[in-house]
Amino acid sequence: MTRLILLEDEPILRHELAGYLTEQGHIVDAVGTVSGFHAAFSPANHLIALVDLGLPDGDGIDLIDALRHQGTRLGIVVISARSRTGDKVRGLVVGADYYLNKPIELEELSAVLTALARRLETGGVSLSWVLDVRRGKLAPPGKAPVPLTAQGVVVLKAIAAGGGKPVDRRQIVNALGADFLQYDQRRLDTQIHQLRKAVFDASGVELPIRTIRNRGYQFLASVELKA
Ligand code: CA
């Protein structure tokens with residue numbers, strides 16, 4: 001059983017694919033827009049994303065590119081009507097694992113998902129970020145740990161506790177032991193900026209934290225906490 005996220009804007013096809021995949025024993029979260037994808041996607045829970053390219057509020061290629069830059073451990077299968085070689089190459093170059101043309105052959109899709117899930121689950125190497133709270137270090141997947149400030153650890157721990165879902169600024173400020181109403185919000189932004197810079201400078205990997213304006217932050221990759 002694999003938890004999938006399906007992004008397809010044509011309602012009939014979305015319904016049909018979601019129904020088929022559910023029958024195959026998968027858990028499917030089906031969405032029709034890029035913004036819907038961002039709202040529903042949980043890096044800690046979804047193993048594979050099925051992504052259409054022509055979407056009402058964006059291009060699936062840009063989404064895949066962004067997901068790969070966030071360092072998420074996620075299998076990505078493109079499902080598209082664009083069948084030119086150039087489109088396929090572009091899809092694979094930005095980081096899709098498979099590229100299936102519409103009309104989708106359901107048996108082929110099923111075989112691709114089985115192969116991909118097996119590969120992802122037996123990959124061996126840890127694909128998670130590791131936050132070592134006691135030593136105050138954060139290790140990007142497969143990279144050496146990066147030392148953080150004590151405040152940086154508290155902030156990251158609070159964001160990681162969201163399990164891939166957005167965490168409100170208030171929760172983070174509370175974790176810092178501060179009073180939200182008296183807290184200068186710019187200090188939190190500075191804190192996040194410094195974290196991003198420390199991680200990128202030391203590892204060359206972008207810290208997978210999304211800023212949600214006026215609300216909070218979201219850790220977009222799976223993260224293991226070491227107490
Ligand atoms: Ca479409």
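1. The calcium ion is coordinated by Asp9 (OD), Asp52 (OD) and Gly54 (O), at 2.2 to 2.4 Å. Donors are N, O and S atoms within 2.8 Å of the metal (3.2 Å for Na, K and Ca); water is not among the atoms, so sites may look incomplete. The donor residues are spaced D-x42-D-x1-G in sequence. Asp9 lies in the loop between β1 (3–7) and α1 (11–23), and Gly54 lies in strand β4 (residues 54–55), 45 residues apart.

2. This is a predicted model, in which local features need pLDDT of at least 70, side-chain atom pairs count only at pLDDT 80 or more, and totals for chains, interfaces and linings use all residues. Residues are numbered from 1 along each chain as its sequence is written, and side-chain values use heavy atoms, with hydrogens and water left out.

3. Asp9 is partly exposed at 26% relative accessibility, and Gly54 is partly exposed at 39%. Buried means under 20% relative accessible area, exposed over 50%, and partly exposed in between (1.4 Å probe, protein chains only). Of the 227 residues in the protein chain, 45% are buried.

4. The protein chain has eight helices and 14 strands. These are DSSP runs, numbered from the N terminus: helices are H or I with at least four residues, strands E with at least two.

5. Gln151, Gly152, Val155, Leu156 and Ile159 in α6 meet Leu188, Gln191, Ile192 and Leu195 in α8; contact means heavy atoms within 4.5 Å. By class, this contact has six nonpolar, three polar and no charged residues. Nonpolar covers Ala, Val, Leu, Ile, Met, Phe, Trp, Tyr, Cys and Pro, charged covers Asp, Glu, Lys and Arg, and the others, Gly among them, are polar.
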